[in-house]
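Open the model in your viewer and keep the sequence panel beside it. This tour goes from the whole chain to single residues.

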Amino acid sequence: MPDPPPSYRLSRWVFLRLLGLTYSIAFVSLATQVTGLIGSDGILPAGAYLDRLRDTYGSEAYRLYPTLLWLSSSDLALTILCGFGVAASVLLISGVAPTLMLVLLWSCYLSVTVGGQAFMAFQWDTLLLETGLLACLYAPRGLRPTLAAESAPSPMARWLIWGLLFRLMFLSGITKLASGDPTWSDLTALTYHYETQPLPLWTGWHLHQLPGWFHQFSAAGMFVVELILPWLIFVPARFRRTRMAACAGLVFLQLLIGLTGNYGFFSLLSIALCLTLIDDRTWARVLPNRLVHRAFASGNAHTPPGRWRQLLLTAAAIGLFVLGGLQFVREIATDLSRSGRPTVDLSWSDTILNAVSPFRSVNGYGLFRVMTVERPEIVLEGSLDGSRWTEWDLRWKPGNVHRRPGLAAPHQPRLDWHLWFAALDPQGAGHWLSPLMTRLLEGAPAVTSLVGGAAFAEGPPRYLRLAYYDYRFTTRAERAETGAWWHRQLIDYLTEPVSLDDIR
């Protein structure tokens, strides 16, 4: 007798709670930084940014930059928006009105992403928005749906989630090859990765010491996971064990990423997407019996929604499939074009994708498509008299060479992250580096808290300058001798000593 078709009630139950947990982490992490980043006395005030958009685009600004911060961008409004996101995520985890909570969470996170400017431009921010939008279609209906009463998840919505997972994983692999980066082509990229990633962990130091053949083997294994396993998502239901094996491989890769670097909530969100591949028969082996009995109490019946809801769901699913497919092809074509290789002309799709781009919920992906092989670092130095200088040692980014690279995730210290990007392109980061220095010289509490105020506890420094260093991990022998995790060498100073008088 053939096996019954797989069901996904328990799978959806687990996914929605992990998504709620991810949202809560994202909002709590942002709440601790938001006023320093984009508050009224922050580095890039959201209010001034929105005013410039309104002056530039007029009424079109509301469509191109959809955010609730148009109503108010005060520090209180930013804090309330983050607090509202935390509250909605807790209700989602509790199973209260999941569809409504997901709509509210997506709206709130889109709002802070738009207002956050460069500080909210990470791939996992857009991945959370896209996942959250698709989850609105995947979630059960009702105010307090129960496993015993709710209908099975919509197959269309489930395939939208799986399609996003495929794009995320496959693009992460194929863009590394399409970019033409030589370190990925010859499998040497991981000999640099652990040392040059934005916020390394101490585990990365140990992995960096391993021989080159190990890093090449690891890179080859990564390509197997990212380029081959995602295709197993689409195997027929009778090959469920094959899909489970693919899920295990994808989750294992995400665990390795999370255990060797600080990537905020990225690993948790990616794993949540991977776990949607697991059907209820498998979940029944690990979840409490009370949940399992409720899930199987009503069988696998799929109660179709009403006619108009079904039409809207179908139209939304088809539209999102098409948009996701366009973005998928476009991402690969862009990398091929940048590397000077022939590709297809997709300029005709600009109008379509540009129309939905303000919502940041149909995206291309591909982390580390070009490997960074050196590690420049910007170090803030302050002085009270212009002669004796003290480093402003941020908590998470490399600074003090004797401090062990620590665990920040799932919290994401966004200023520390952006200083890594700024070191790669100091001129390109000038639009926020200059305001950062101004706020620190003024002693703005919200900004000073982002860098740690211990270096100048009695008040702000009178002078600031930006030192430019080259960092690398120490060898085992160097660390045994000096106890340092890093070796660094001064390259130059990006700025002369700057005071408030110079800026004003």
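Among contacts in the protein between residues at least 6 apart in sequence, what percentage join residues at least 24 apart? The share is 78%. A contact here means heavy atoms within 4.5 Å.

Before you go on, note that this is a predicted model, where local features need pLDDT of at least 70, side-chain atom pairs count only at pLDDT 80 or more, and totals for chains, interfaces and linings use all residues. Residues are numbered from 1 along each chain as its sequence is written, and side-chain values use heavy atoms, with hydrogens and water left out.

**Stop 1: the whole protein**

You will see 23 helices and 4 strands. Both are DSSP runs numbered from the N terminus: helices are H or I with at least four residues, strands are E with at least two. Along the principal axes, the C-alpha trace spans about 80 × 55 × 50 Å.

**Stop 2: the surface**

Of the 504 residues, 54% count as buried, meaning under 20% relative accessible area; exposed is over 50%, and partly exposed lies in between.

Now colour by charge. There are 41 positive and 36 negative charges, and their mean positions are 14 Å apart. Lys and Arg count as positive, Asp and Glu as negative; His and the chain ends are not counted.

**Stop 3: helix 7**

Select residues 123-138. This is helix 7, with 16 residues. From first C-alpha to last it reaches 22 Å, close to the 22 Å expected at 1.5 Å a residue. Is helix 7 mostly covered or mostly open? It is mostly covered: 13 of its 16 residues are buried.

**Stop 4: the loop between helix 18 and strand 1**

Go to R360, in the loop between helix 18 (350-356) and strand 1 (375-383). Its phi is near 50 degrees, a positive value in a residue other than glycine. R360 is partly exposed, at 23% relative accessible area. F368 lies in the loop between helix 18 and strand 1. F368 also has a positive phi, about 55 degrees, although it is not a glycine.

**Stop 5: a cis peptide bond**

Finish at A409 and P410. A cis peptide bond joins them, with omega about 10 degrees. P410 sits in the loop between strand 2 (390-392) and helix 19 (414-424).

Terms used: Buried means under 20% relative accessible area, exposed over 50%, partly exposed in between (1.4 Å probe, protein chains only). The place of a charge is taken as NZ of Lys, CZ of Arg, CG of Asp or CD of Glu. The expected span of a helix is 1.5 Å times one less than its number of residues.
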